[in-house]
Amino acid sequence: MAQALGEDLVQPPELQDDSSSLGSDSELSGPGPYRQADRYGFIGGSSAEPGPNHPPADLIRQREMKWVEMTSHWEKTMSRRYKKVKMQCRKGIPSALRARCWPLLCGAHVCQKNSPGTYQELAEAPGDPQWMETIGRDLHRQFPLHEMFVSPQGHGQQGLLQVLKAYTLYRPEQGYCQAQGPVAAVLLMHLPPEACALPLPQEAFWCLVQICEVYLPGYYGPHMEAVRLDAEVFMALLRRLLPHVHKHLQQVGVGPLLYLPEWFLCLFARSLPFPTVLRVWDAFLSEGARVLFRVGLTLVRLALGTAEQRGACPGLLETLGALRAIPPTQLQEEAFMSQVHSVVLSERDLQREIKAQLAQLPDSAPGPPPRPQVRLAGAQAIFEAQQLAGVRRGAKPEVPRIVVQPPEEPRPPRRKPQTRGKTFHGLLTRARGPPIEGPPRPQRGSTSFLDTRF
């Protein structure tokens with residue numbers, strides 16, 4: 001397992017595309033001076049201009065205004081209008097506002113507020129020499145074609161070193177996992193040190209903490225027990241939703257641990273074009289780990305969904321190659337994310353399958369048992385948990401107050417008129433005034449109906 005997460009995280013050069021976020025050690029000498037950076041900062045990338053399905057500028061401005069309005073009243077928005085937040089995340093957060101929205105979605109702003117001096121202390125403390133050596137060997141592998149991480153002494157690699165070192169000190173029992181490198185690098189691209197109140201990338205650090213401990217607990221520890229559980233859950237979902245693909249993978253001997261850890265641990269940062277990676281992260285920070293399963297199922301379907309595709313992969317190597325070499329035209333963000341959100345997988349279905357697979361785990365499995373109950377399902381669950389924690393600490397919850405007007409004083413009940421022993425004729429006479437005089441009526445032998453007493 002650990003070996004599969006080591007050098008295999010770096011894809012071979014023949015499987016890489018210049019327009020994606022991937023890089024290799026053979027390109028560390030640096031790009032030529034004639035190569036320009038695209039709109040995401042990748043030198044020589046093909047994303048200099050928006051794609052054909054990219055939203056027009058007017059629509060982007062409208063979305064930016066919506067996000068500015070929602071984030072200006074974040075507590076009120078999350079309390080009353082989370083469905084709008086989720087739909088806007090599915091449409092994609094505007095690039096200019098991700099630095100503002102990602103910490104709000106994952107709750108990193110609350111962690112930073114509750115522990116204002118924690119990161120400063122971790123950044124100034126010396127790191128564990130064992131972890132510092134391992135982290136130093138991996139720095140140059142994180143997006144070597146991005147202008148932020150080209151220079152070993154640049155603010156990108158140095159900020160990445162600070163964030164990863166701080167996490168090893170913050171959670172010494174977990175230490176450092178190689179898959180945290182690309183996750184922290186993507187965070188630093190959108191939460192650079194210059195965007196923080198202090199000249200340190202503490203917002204990126206707290207976002208990394210939330211991802212490792214709230215969204216994906218048990219993923220980056222020494223045993224990775226949650227990864228093994230989610231691999232079994234993924235195969236169960238594959239058997240239910242894509243039975244032909246599941247049968248093919250079993251026949252050629254491709255288990256989920258051969259491809260799924262790279263996808264889930266790195267949040268697809270090494271497997272998709274960078275514009276699509278950002279859209280996946282927008283949805284993931286909003287809806288939680290369910291998005292990772294949806295993306296994984298979509299990739300498997302695109303690679304092996306047809307009989308012709310499965311027939312072209314008779315063995316293990318061919319099948320793994322197909323999973324890693326999906327044509328970039330099928331991974332464009334708008335069309336791809338539309339397919340991802342169309343996967344029929346609710347949070348209830350996912351939790352039911354997790355419980356079923358958890359019950360089937362052998363008692364002799366190495367490491368501690370996974371604890372999927374500590375994983376929170378996205379931004380709404382994180383917001384509610386942080387609000388509840390604030391109430392328990394004695395702080396006032398940051399939710400809008402609901403003022404209830406006191407009820408009006410009750411009026412005295414209307415008294416029922418006393419009619420016992422009285423005739424209708426008398427009541428009508430008092431209500432209508434004196435009777436009108438007229439010719440006398442002839443006397444009858446029987447008593448008049450109106451003169452009958454009750």
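1. Let's start with two neighbouring helices. Met235, Leu238, Arg239, Arg240 and Leu241 in helix H11 meet Pro243, His246 and Leu249 in helix H12, where a contact means heavy atoms within 4.5 Å. H11 covers residues 225-241 and H12 covers residues 243-252; their axes come within 5 Å and cross at roughly 125°. That makes H11 oblique to H12. The axes are lines fitted to C-alpha atoms, for helices over the stretch in contact, and the angles run from 0 to 180 degrees between N-to-C directions. Angles under 35 degrees count as roughly parallel, over 145 as roughly antiparallel, 65 to 115 as roughly perpendicular, and the rest as oblique.

2. A word on what you are looking at. This is a predicted model, in which local features need pLDDT of at least 70 and side-chain atom pairs count only at pLDDT 80 or more, while totals for chains, interfaces and linings use all residues. Residues are numbered from 1 along each chain as its sequence is written, and side-chain values use heavy atoms, with hydrogens and water left out.

3. How confident is the predictor? The pLDDT is its confidence in each residue, from 0 to 100. The mean for the protein chain is 81, and 75% of the residues reach 70 or more. Over residues 1-34 the pLDDT is below 50, and this stretch has 61 contacts in the model beyond near neighbours in sequence. Residues 194-199 also have a pLDDT below 50, with seven contacts beyond near neighbours in sequence. Where pLDDT is low, the predicted coordinates should not be read in detail.

4. Now the overall picture. The protein chain has 21 helices and zero strands; helices (H or I, at least four residues) and strands (E, at least two) are DSSP runs, numbered from the N terminus. Of its 454 residues, 47% count as buried. Buried means under 20% relative accessible area, exposed means over 50%, and partly exposed is in between (1.4 Å probe, protein chains only). Among contacts with a separation of 6 or more, 74% join residues 24 or more positions apart.

5. Helix H3 (residues 82-91) packs against helix H14 (residues 274-287) at an angle of about 160°, with the axes 8 Å apart. That makes H3 roughly antiparallel to H14. Their crossing is left-handed, a word used if the near helix is turned anticlockwise from the far one by less than a right angle, with right-handed used if clockwise. On the H3 side, Tyr82, Lys86, Cys89, Arg90 and Lys91 meet Arg279, Asp282, Ala283, Ser286 and Glu287 of H14.

6. At 1.5 Å a residue, the 14 residues of H10 (residues 202-215) should span 20 Å, and the end C-alpha atoms are 19 Å apart, which agrees. The expected span is 1.5 Å times one less than the number of residues. Because 12 of the 14 residues are buried, H10 is largely enclosed by the rest of the structure. Its buried residues include Phe205, Trp206, Leu208 and Tyr215.

7. What does Gln210 touch? This residue lies in H10 and, at 6% relative accessibility, counts as buried. Not counting residues up to four places away in sequence, Gln210 touches Cys106, Gly107, Ala108, Cys111, Tyr215, Ile382 and Gln386.

8. Two of those names lead us to helix H4. Cys106 is one of the buried residues of H4, and this helix (residues 98-106) is mostly covered, with seven of its nine residues buried. Just after H4, Gly107 takes a positive phi of about 80°.

9. Positive phi values turn up at other places too. Most residues other than glycine have a negative phi. Phe143 is not a glycine, yet has a positive phi of about 50°; its place is in the loop between helix H7 (129-138) and H8, and it is buried at 5% relative accessible area. Leu267, also not a glycine, has a positive phi of about 55°. Leu267 sits in the loop between helix H13 (260-265) and H14, buried with a relative accessible area of 0%.

10. Thr168 lies in helix H8 (residues 155-170) and is buried, with a relative accessible area of 4%. Leaving aside neighbours within four places in sequence, Thr168 is in contact with Trp131, Ile135, Gly175 and Tyr176. Gln62, found in helix H1 (residues 57-72), is partly exposed at 47%.

Terms used: pLDDT = per-residue confidence, 0-100.
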